[in-house]
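Here is a guided walk through a two-chain model. Keep the sequence and the coordinates side by side as you read.

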Amino acid sequence: MGRLAVEGRRAATAVVAVVLVLAPRATHAIPVFARVYDKPCSACHTVYPQLNPEGERFRDRGLHGFTPAIAPIRVAPGLDVPGTLPLALSASVGDEIGKTDVPGRDDETREQINTFLGLLAGGELGPHLAFLVDYALLYTDGRTGKTEAGTRPGMAMVQAHAALGSWLTNLRAGAFELPLGASPRVHRLFARGYSIYGTSAFSLLGVRPPVDGRRKDTLSLASTQIGGELSALDDSTGATAALGVVAGSNNRKDNNSSKDVYLRLGRRFGFHNAGFFAYYSPDILGHGAHDGAARFGPDLTLYTRRFRLVAQALAGHDASPTAHGEPLWHWGGFLEGNLRLTPALIALLRVDHVGTPTFDDRAAGGTTRVRRRIWEVTGGAQYLLAENLKVVVEASYGNNYEAVARSTVESWSVTVRLATAFWPLTPPDLLPWLERWRGE
Amino acid sequence: MRRAILGLAATLLVALPRAGAAATVAGTVTVDGRAAEQTVVYLEGATPAPAASAEPVVVDQRDLAFVPTLLAIVRGTVVEFKNSDDVRHNVFSPSAAGGTFDLGTYSRGESRRVTFDEPGEVAVLCNIHMEMQAHIVVLRDPFFATTRPGGAYTIERVPPGTYTLKVWRKRWLPLERAVEVPAAGTLALDVEG
């Protein structure tokens with residue numbers, strides 16, 4: 001790593017560290033929704049960013065449902081803007097130590113300081129509209145260890161909401177995450193992402209996509225997607241449905257002409273819920289190579305005051321991931337438990353699995369023969385030092401077995417992180433300022 | 001046998017309150033030398049307990065907290081759990097005297113009622129907001145008080161007789177002491193734990 005990169009990372013770490021020290025002291029040092037509605041984080045979160053049932057309800061109501069403590073400013077009939085700057089910052093700094101054991105090679109041990117500084121914005125735009133933005137200003141790239149500036153929003157969407165009889169309906173457009181059994185990114189409690197959401201046929205086969213060559217441009221359910229979604233919740237029965245059309249290139253510039261569709265059907269049972277998710281892409285490659293892909297599977301969430309159990313199973317099918325016409329099936333899922341020992345302390349445990357049957361495209365002219373099994377166990381705890389400042393400790397063990405070559409790669413990692421979300425400035429109340437400006 | 005019955009009758013006659021006679025029992029509760037707040041001091045005796053108040057006692061839910069967090073009531077009392085918050089709450093108890101309860105999820109301005117018939121300790125929780133906790137102490141007799149700041153308590157209008165003074169405090173072993181309440185005046189009783 002070059003001297004410039006090291007200095008850049010140190011500077012970014014220093015910025016985030018200063019921000020973390022300054023962050024939690026003021027009563028206004030809480031993110032945008034808590035500030036606008038004058039509520040503690042725990043009104044809608046268990047341990048942030050994970051939502052509690054009331055937070056999920058707020059989301060179901062199109063980011064509406066509470067009375068703003070700071071009155072919005074009416075700019076047109078049916079259209080308001082928040083009465084304060086609807087901004088907040090999220091930041092984390094920490095250390096990650098990882099060790100990878102590859103047969104025939106020396107163990108690879110790495111240690112890197114992880115920094116993250118993000119901008120959050122959101123609020124009501126009148127009784128039926130709302131917006132939400134989550135933008136990473138600075139983050140450490142997990143593969144290179146370098147601190148980089150974000151070039152695309154992690155989430156940026158406008159949402160329209162209406163209650164039609166007992167149905168709460170929402171239409172959203174922009175960049176948003178898919179409605180899976182667990183939030184793949186935005187409200188995920190674990191530092192480590194879900195394997196089944198982040199996996200692709202190419203990562204399982206250990207090959208690069210046959211066109212373009214950039215693995216990260218392929219379909220990943222974990223990434224935010226650009227598109228539109230219509231969703232509805234029947235308040236009387238708990239039935240839920242979401243139907244969406246997305247670009248299929250995650251939050252990047254579209255690299256193919258096809259558009260993807262997904263559907264999630266579910267049912268709430270009190271605070272518990274069950275659902276089934278299906279995603280279809282006519283072609284995830286483009287550029288003349290055709291690889292239709294499908295992902296589908298059930299999910300289940302059981303919730304009590306102290307304990308939450310989340311289970312997701314997904315099967316995947318890629319029609320021709322190596323461009324030789326040989327299809328690949330893969331499957332997997334996770335089982336996750338969150339135990340709240342006290343209101344400020346939560347323990348986490350998760351088991352992830354992804355696997356494939358034997359894939360062999362040699363008869364079709366290819367060179368790939370793979371059968372893979374991946375297991376990961378992740379455990380940890382998070383402790384709230386303040387309602388918007390927490391310590392994260394997480395350890396993970398992964399076992400990646402490729403049965404054709406009989407090769408096993410084992411990996412261990414430990415993450416320790418201090419994370420917060422806050423707004424460092426006393427927010428100006430825009431309404432009096434606007435009135436003064438108008439001379440009223 | 002006849003002597004035993006006569007003796008019991010005599011004891012009961014002595015123990016029964018004299019009409020109109022009542023005293024005050026007051027004092028301070030300290031734990032490890034410090035004033036004990038959030039503590040219930042109560043008397044149990046042979047006196048038949050009067051009926052519980054017909055008016056419900058309100059436990060509010062305000063700013064993500066139960067108000068009050070400690071409530072002492074006599075058995076048969078109806079408690080109304082009101083929601084004054086902008087967010088919904090789901091009041092339940094895993095350990096209610098006489099059975100568990102779950103009042104479901106309800107919004108601001110709504111309330112749900114529970115009648116507590118059995119003496120005992122009731123933990124009241126919200127299924128959505130883990131930090132919300134309250135305790136209701138359901139008592140057999142109506143002679144009780146919750147300590148004020150400083151640990152002071154006052155139990156008024158106690159008929160004269162022999163009682164057992166008991167103290168309830170969260171995560172504290174029950175404390176008992178036999179007391180003789182006079183016909184009038186104030187019986188000073190400090191409790192140290």
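Residues are numbered from 1 along each chain as its sequence is written, with chains lettered from A and ligands numbered from 1 in the order in which they are written.

Start with confidence in chain A. pLDDT is the predictor's confidence in each residue, from 0 to 100. Its mean over chain A is 87, and 86% of the residues of that chain reach 70 or more. Elements here are DSSP runs numbered from the N terminus: helices are H or I with at least four residues, strands are E with at least two. Among the elements of chain A, helix H1 (residues 3–22) has the lowest mean pLDDT, 59. Strand S16 (residues 345–355) of chain A has the highest, 98. Over residues 24–28 of chain A, pLDDT stays under 50. For that stretch the model has 10 contacts beyond four places in sequence; two residues are in contact if their C-beta atoms, placed from the backbone, lie within 7 Å. Where pLDDT is low, predicted coordinates should not be read in detail.

Move on to helix H3 (residues 53–60) of chain A. Of its 8 residues, 6 are buried, so the helix is largely enclosed by the rest of the structure. Buried means that 20 or more other C-beta atoms lie within 10 Å of the residue's own; exposed means 12 or fewer, and partly exposed lies in between, with C-beta atoms placed from the backbone. The buried residues of H3(A) are Pro53(A), Glu54(A), Gly55(A), Phe58(A), Arg59(A) and Asp60(A). What covers them includes strands S8 (167–176), S9 (225–234) and S13 (293–303) of chain A. Just after H3(A), Gly62(A) takes a positive phi of about 65°.

Strands pair if DSSP finds at least two bridges between them. S7(A) and S8(A) are antiparallel, with 9 bridges. Leu164(A) stands opposite Trp167(A) in S8(A). The hairpin of these strands has 2 residues between them, and Gly165(A) takes a positive phi near 65° there. Strand S7 (residues 155–164) of chain A also pairs with strand S5 (residues 129–140) of chain A, antiparallel over 6 bridges. In S7(A), Ala160(A) is the bridge partner of Leu129(A).

Now turn to chain B. It has 1 helix and 18 strands. Of its 193 residues, 36% count as buried. An automatic or database domain assignment sets the domain bounds. It gives domain 1 (18–49 + 141–193) and domain 2 (51–139) of chain B. Their C-alpha centres lie 24 Å apart. Across the boundary, 10 residues of domain 1 of chain B are in contact with 7 residues of domain 2 of chain B. Strand S3 (39–45) and strand S13 (144–146) of chain B each supply at least two residues of the domain 1 side.

Next, look at the strands of chain B. An open sheet of 4 strands runs in the order S5-S4-S7-S10, with mixed pairing. S5 (66–67) and S10 (111–116) of chain B stand at the edges with a single partner strand each, so one side of each is left without a neighbour in the sheet. Strand S8 (residues 89–93) of chain B is mostly covered, with 4 of its 5 residues buried. It runs antiparallel to strand S9 (residues 101–106) of chain B, joined by 4 bridges. It is also antiparallel to strand S11 (residues 120–126) of chain B, through 2 bridges. Phe92(B) stands opposite Leu125(B) in S11(B).

What holds the middle ground in chain B? The largest nonpolar core has 42 residues, of which Val41(B), Ile73(B), Ile136(B), Phe144(B) and Ile155(B) touch the most other members. A nonpolar core is a set of buried Ala, Val, Leu, Ile, Met, Phe, Trp, Tyr and Cys residues joined through C-beta atoms within 7 Å. Strand S12 (residues 133–139) of chain B gives the most to this core, 5 residues. Domains 1 and 2 of chain B both give residues to the core, so it lies between them.

Finally, the chains meet: 10 residues of chain B are in contact with 13 residues of chain A.

Methods. Predicted model: local features only at pLDDT ≥ 70, side-chain atom pairs only at ≥ 80, totals over all residues.
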